[in-house]
Amino acid sequence: MNLRQESHPLVVVGAGPAGLCAAMEAAEAGLPPLVLDEGSKGGGQLVKQIHRFFGSREHGAGKRGFQIAEELVSGCLGKGVEIRLGHKVLGFFPDGRLLVEGGQGVFVLQPGATVLATGAVEKSFPFPGWTLPGVMGAGAAQTLVNQHRVLPGRRALMVGAGNVGLIVAYQLLQAGVEVAGVIEVNRTVGGYAVHAQRLRREGVPILLRHRLRAAEGEKEVESVLVEDMERGTWKRFSVDTLCLAVGMAPQAELAAMRGCHLVYLPELGGFLPWHDRAMRTDCPGVYVAGDLAGVEEASVAMDEGRLAGLAAALDAGVLDPGKAAERMEEVMERLELLRGGPFGEPRRKAKERLNSLTVLAMGSAGRKASIHGRTGRR
Ligand SMILES: Cc1cc2nc3c(=O)[nH]c(=O)nc-3n(C[C@H](O)[C@H](O)[C@H](O)COP(=O)(O)OP(=O)(O)OC[C@H]3O[C@@H](n4cnc5c(N)ncnc54)[C@H](O)[C@@H]3O)c2cc1C
């Protein structure tokens with residue numbers, strides 16, 4: 001079968017904050033990008049975030065996630081970026097071609113360079129009753145409520161008191177779902193105190209040192225069994241929805257398919273493509289950004305996207321090296337600040353470990369063969 005072929009100087013996979021910022025930066029530098037996203041709206045995760053974001057003005061602090069998404073999309077369109085929604089990248093071959101489904105069927109793209117910004121996927125784990133209808137990722141519950149305006153159930157229990165668990169639990173409350181509680185195995189709340197306080201003010205208990213044991217029900221979730229790890233006792237919550245907010249993992253399949261070297265960094269969500277400070281992978285012409293390059297926040301994703309766009313334009317020879325260095329330095333300094341503080345520190349150290357691998361990667365033995373070193377937790 002002969003498939004339609006298209007060539008583009010730069011293809012960006014993913015129209016989340018990382019991909020859109022990469023596209024804007026590249027377009028500004030004179031490298032016209034084509035952005036592909038399987039979703040029906042540009043903005044990635046931001047599309048369903050109805051809460052106000054923290055951070056600095058450059059990252060849209062004080063605005064709601066979906067508003068930031070709208071601004072990024074119009075920023076791209078203003079710079080002449082082509083965004084094709086409803087286009088899923090099915091494959092990324094070792095020769096650099098992409099297999100895409102969308103528009104009028106399946107076709108092949110031959111990019112000059114590629115930025116992968118495919119985001120992250122929710123983690124899960126098996127437990128008795130985990131296949132019952134009513135068990136879902138917190139992100140799925142958020143999509144139902146904030147995008148499709150459908151309640152996932154009437155009464156829910158949230159597993160995980162990180163930011164995603166706390167934010168989604170609150171948004172479920174706002175939508176009219178009764179939230180029976182948030183359980184967390186750790187001794188402390190992992191998310192920001194402000195999100196936890198909001199829930200507590202509404203009377204939602206956050207139960208630390210509590211472990212999920214089973215979802216129960218004949219045809220769907222009717223109750224959830226939880227262990228109080230301090231007392232060694234068990235509790236039964238009468239709920240029809242069980243949401244899991246137990247972490248996110250970089251969506252690295254396309255990078256792996258292309259042959260990018262993957263590194264395991266638990267602080268950044270697990271396996272992710274090795275990259276240097278300018279977001280170049282070990283495959284020439286392939287760049288990564290955002291949650292795919294380590295699960296962090298939208299602000300980080302935007303700046304990593306900017307770096308990837310700059311690096312792609314620089315390597316394509318359309319951007320003056322002096323200008324590129326100046327702009328990259330500015331963005332890298334901002335990233336350093338974003339990774340300050342107790343929440344950012346473990347991620348900053350993990351990225352530093354990745355950079356120590358960069359030194360080895362640039363060694364005389366050749367880039368690809370020489371990527372090695374310790375990446376485990378220290
Ligand atoms: C509940 C929740 C609350 C959050 N709150 C905050 C907050 O307050 N502040 C903050 O800074 N961050 C927050 N974040 C984190 C933030 O949303 C992410 O860090 C950010 O969206 C990551 O951006 P990204 O561009 O890397 O990925 P995403 O936003 O996930 O975008 C990736 C895009 O790639 C597309 N894609 C993936 N694979 C393919 C493929 N094969 N073909 C085509 N398209 C593909 C997807 O459709 C998606 O649109 C929150 C996250 C969650 C889940």
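View 1. The model is a predicted one, in which local features need pLDDT of at least 70 and side-chain atom pairs count only at pLDDT 80 or more, whereas totals for chains, interfaces and linings use all residues. Residues are numbered from 1 along each chain as its sequence is written, and side-chain values use heavy atoms, with hydrogens and water left out. Thr 281 is placed in the loop between S18 and S19, helices (H or I, at least four residues) and strands (E, at least two) being DSSP runs numbered from the N terminus. With a relative accessible area of 1%, Thr 281 is buried; buried means under 20% relative accessible area, exposed over 50%, and partly exposed in between (1.4 Å probe, protein chains only).

**View 2. A salt bridge joins Asp 315 to Arg 280.** The side chains of these two residues meet at 2.8 Å, N to O, a salt bridge being a side-chain nitrogen of Lys or Arg within 4 Å of a carboxyl oxygen of Asp or Glu. Asp 315 belongs to helix H7 (residues 298–315) and Arg 280 to the loop between strand S18 (270–273) and strand S19 (286–288), so the pair ties together parts that are 35 residues apart in sequence. Asp 315 is partly exposed, its relative accessible area being 41%. By the same rule the count comes to 28 salt bridges, and a network of them links Glu 25, Asp 303, Arg 306, Arg 327, Glu 330 and Arg 334.

**View 3. Glu 6 and Arg 84 form a salt bridge between two strands.** The two side chains meet at 2.9 Å, N to O. Distant parts of the chain are linked here, since Glu 6 is in strand S1 (residues 4–13) and Arg 84 in strand S3 (residues 82–85), 78 residues apart. Glu 6 and Arg 84 are both buried.

**View 4. Arg 155 and Glu 178 pair in a salt bridge.** Their closest N and O atoms are 2.6 Å apart. Arg 155 is in strand S9 and Glu 178 in strand S10 (residues 178–184), so the pair ties together parts that are 23 residues apart in sequence. Arg 155 is partly exposed, with a relative accessible area of 27%, and Glu 178 is likewise partly exposed, with 46%.

**View 5. Helix H3 is largely enclosed by the rest of the structure.** Seven of the ten residues of this helix (residues 138–147) are buried, namely Ala 138, Gly 139, Ala 141, Gln 142, Thr 143, Val 145 and Asn 146. What covers these buried residues includes strand S7 (120–122), strand S8 (135–137), strand S9 (155–159), helix H4 (163–175) and strand S15 (241–244). Just after H3, Arg 149 takes a positive phi of about 55 degrees.

**View 6. Arg 347 is a buried residue of helix H9.** The helix spans residues 341–361, and Arg 347 counts as buried at 14% relative accessibility. Leaving aside its neighbours within four places in sequence, Arg 347 is in contact (heavy atoms within 4.5 Å) with Glu 267, Leu 268, Val 295, Glu 296, Glu 297 and Arg 339.

View 7. The domain assignment, with bounds that come from an automatic or database domain assignment, gives domain 1 (4–121 + 248–370) and domain 2 (124–244). Eight residues from domain 1 and 14 residues from domain 2 take part in the contact. Lys 48, Phe 54 and Phe 343 supply 53% of the area that domain 1 buries against domain 2, more than any other three residues. Across this interface the rule finds zero salt bridges, but six residue pairs in polar contact (both at pLDDT 80 or more).

Notes
Buried area = accessible area lost by both parts, 1.4 Å probe. Polar contact = N/O pair within 3.5 Å; in protein donor to acceptor, adjacent residues only side chain to side chain.
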